[in-house]
Amino acid sequence: MYNVLAIMRGTTVDGPGFRTSIYLAGCAHRCEGCHNPASWDKNGGSSMSLDEIMEIVRDEDFDVTLSGGDPLFNPESTARLVEALKNDGRNVWIYTGYNWEEILSDRSLLNAVEKADVLVDGPFLLHLKDADLLFRGSSNQRLILIQESLTSGNAVLFPRS
Ligand code: SF4
């Protein structure tokens with residue numbers, strides 16, 4: 001089961017095009033200036049099954065973004081969700097407070113993201129906040145092309161970063 005804070009259909013701020021954004025409860029990063037501290041509680045939101053989430057996703061042709069909270073707070077559950085979304089043909093973006101290098105060194109975190117398309121990495125850092133950045137809140141965060149980065153061994157950035 002998943003603790004889901006919200007599912008927003010037709011968003012344009014969490015990646016390119018119209019997307020379905022799924023906000024998952026639970027985060028341990030405690031960033032100063034976090035946009036939603038209420039999302040830190042892993043028991044927050046509504047309990048939903050994978051099938052229930054996918055049913056909502058399939059209502060639209062939109063690609064999908066996983067945010068929170070931090071979807072990697074529950075990496076095993078997120079791995080199953082990403083797999084279901086990719087099997088359904090969706091482009092998948094993931095927002096996380098972990099940085100790419102931390103994920104590469106943790107098998108469980110890597111397992112959660114390795115089938116997805118783009119990772120928005122790193123904690124929100126208040127002193128690096130920049131409202132003009134594309135799809136992210138602070139300039140330390142990167143839009144990382146996951147498949148290209150895994151193939152090349154270096155963090156490859158989304159072209160419009
Ligand atoms: S990673 Fe995101 S949800 Fe978690 S504390 Fe930082 S800004 Fe808030």
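Guide: Start with a definition. A residue is buried under 20% relative accessible area, exposed over 50%, and partly exposed in between (1.4 Å probe, protein chains only). The model is predicted, so local features need pLDDT of at least 70 and side-chain atom pairs count only at pLDDT 80 or more, while totals for chains, interfaces and linings use all residues. Residues are numbered from 1 along each chain as its sequence is written, and side-chain values use heavy atoms, with hydrogens and water left out.

Now the salt bridges. Side chains of opposite charge can pair when their charged atoms come close. Here a salt bridge is a side-chain nitrogen of Lys or Arg within 4 Å of a carboxyl oxygen of Asp or Glu. Searching the whole structure gives seven of them.

Take R58 and D88. Their side chains meet in a salt bridge at 3.1 Å, N to O. R58 lies in the loop between α1 (50-57) and β4 (63-68), and D88 in the loop between α2 (75-87) and β5, so this pair ties together parts that are 30 residues apart in sequence. Helices (H or I, at least four residues) and strands (E, at least two) are DSSP runs, numbered from the N terminus. R58 is partly exposed, at a relative accessible area of 48%. D88 is also partly exposed, at 25%.

Next comes D117 with K86. Their closest N and O atoms are 2.7 Å apart, and they form a salt bridge. D117 lies in the loop between α4 (107-113) and β6 (118-121), while K86 lies in helix α2, so the pair ties together parts that are 31 residues apart in sequence. D117 counts as buried, with 18% relative accessibility. K86 counts as partly exposed, with 27%.

A further pair is R107 and E114. Their side chains form a salt bridge at 2.9 Å, N to O. R107 is exposed, with a relative accessible area of 51%. E114 is partly exposed, at 24% relative accessibility. There is a network too: salt bridges that share partners join R58, D88 and R90.

On to the rings. A pair of aromatic rings is described by the distance of the centres and the angle of the planes. Rings of Phe, Tyr and Trp (its six-membered ring) pair if their centres lie within 6.5 Å; planes under 30 degrees apart count as stacked, over 60 as edge-to-face and the rest as tilted. That rule gives three aromatic pairs. One is W93 with F158, an edge-to-face pair, with 5.1 Å from centre to centre and 75 degrees between the planes. W93 lies in strand β5 (residues 92-95) and F158 in the segment after α5 (146-152), so the pair ties together parts that are 65 residues apart in sequence. W93 and F158 are both buried.

Most residues other than glycine have a negative phi, and most peptide bonds are trans. F135 is not a glycine, yet its phi is positive, about 60 degrees. It sits in the loop between β6 and β7 (142-145). F135 is buried, with a relative accessible area of 12%.

R30 shows a positive phi as well, about 50 degrees, and is not a glycine. Its place is the loop between β2 (19-24) and β3. R30 is exposed, with a relative accessible area of 58%.

The residues around the ligand include R30, C27, H29, W40, G69 and F124; a residue is near a molecule if one of its heavy atoms lies within 4 Å of it. By class, this shell has five nonpolar, five polar and one charged residues. Ala, Val, Leu, Ile, Met, Phe, Trp, Tyr, Cys and Pro count as nonpolar, Asp, Glu, Lys and Arg as charged, and the others, Gly among them, as polar.

G69 is in that shell. A cis peptide bond joins G68 and G69, with omega about 10 degrees. G69 is found in the loop between β4 and α2.

M48 is in strand β3 (residues 46-48) and is buried at 13%. V57 is in helix α1 and is buried at 0%. The C-alpha atoms of V57 and N99, 42 residues apart along the chain, are separated by 27 Å.
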